[in-house]
Amino acid sequence: MEETEEEKKDEADYKRLHSFPLIRHSDMPEEMRVETMELCVTACEKFATNNESAAKMIKETMDKRFGSSWHVVIGEGFGFEITHEVKNLLYMFFGGSLAVCVWKCS
């Protein structure tokens, strides 16, 4: 059962289409937002099958770079209502249906 060239091309197109981050909402300053977005993409790619490890990596890195009290949720099909510090929220999608929410609350 070997994949045909057409199936491989379709899969590659799908991965390329859904491999960019889509920011849904952010009130972070530009520099912090770009750095956080890159960190989220790196963590999600590194731990593609383990959202808990990806969230832990993002949280620990954010705590070191921008001070403590960062929170991270990664998953599919969840809802939330949070309280956060102004200019410390990033909500994005990655890889199609994977949602990442990063916020600071002290």
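The structure is a predicted model, in which local features need pLDDT of at least 70 and side-chain atom pairs count only at pLDDT 80 or more, while totals for chains, interfaces and linings use all residues. Residues are numbered from 1 along each chain as its sequence is written, and side-chain values use heavy atoms, with hydrogens and water left out.

**Overall fold**

- The protein chain contains three helices and four strands; helices (H or I, at least four residues) and strands (E, at least two) are DSSP runs, numbered from the N terminus.
- Read from the N terminus, the order of these elements is α-β-α-α-β-β-β.
- Of the 106 residues in the protein chain, 29% are buried. Buried means under 20% relative accessible area, exposed means over 50%, and partly exposed lies in between (1.4 Å probe, protein chains only).
- Among contacts in the protein chain with a separation of 6 or more, 57% join residues 24 or more positions apart; a contact means heavy atoms within 4.5 Å.

**The pair of helices α2 and α3**

- Two packed helices are described by the angle between their axes and the distance between the axes.
- Helix α2 covers residues 30-46 and helix α3 covers residues 51-66; they pack at an angle of about 150°, and their axes are 9 Å apart. The axes are lines fitted to C-alpha atoms, for helices over the stretch in contact, and angles run from 0 to 180 degrees between N-to-C directions.
- The two helices, α2 and α3, are therefore roughly antiparallel to each other. Angles over 145 degrees count as roughly antiparallel, under 35 as roughly parallel, 65 to 115 as roughly perpendicular, and the rest as oblique.
- The crossing of α2 and α3 is right-handed, a term used if the near helix is turned clockwise from the far one by less than a right angle, whereas anticlockwise gives left-handed.
- On the α2 side, the contact includes M32, E35, L39 and C44, and on the α3 side it includes A54, M57, I58 and F66.
- The residues of this contact comprise ten nonpolar, three polar and three charged. Here Ala, Val, Leu, Ile, Met, Phe, Trp, Tyr, Cys and Pro count as nonpolar, Asp, Glu, Lys and Arg as charged, and the others, Gly among them, as polar.

**Cysteines**

- A disulfide is a covalent bond between the sulfur atoms of two cysteines.
- Zero disulfides are found in a search of the whole structure, where a disulfide is a pair of cysteine sulfur atoms within 2.5 Å.
- The closest cysteine sulfur to that of C44 belongs to C40 and lies 6.3 Å away, which is too far for a bond.
- C101 is also in no disulfide, as its nearest cysteine sulfur, that of C40, is 9.5 Å away.
- C44 is buried at 6% relative accessibility, and C101 is buried at 1%.

**Loop residues**

- S69 lies in the loop between α3 and β2 (70-75). Although S69 is not a glycine, it has a positive phi of about 80°, and it is partly exposed at 26% relative accessible area.
- K87 lies in the loop between β2 and β3 (89-94). K87, also not a glycine, has a positive phi of about 65°, and it is exposed at 51% relative accessibility.
- M28 lies in the loop between β1 (22-26) and α2, and it is buried at 7% relative accessibility.
- The C-alpha atoms of M28 and V86 are separated by 8.1 Å, although these residues are 58 residues apart along the chain.
- Not counting residues up to four places away in sequence, M28 touches several residues, among them R33, M62, W70 and K87.
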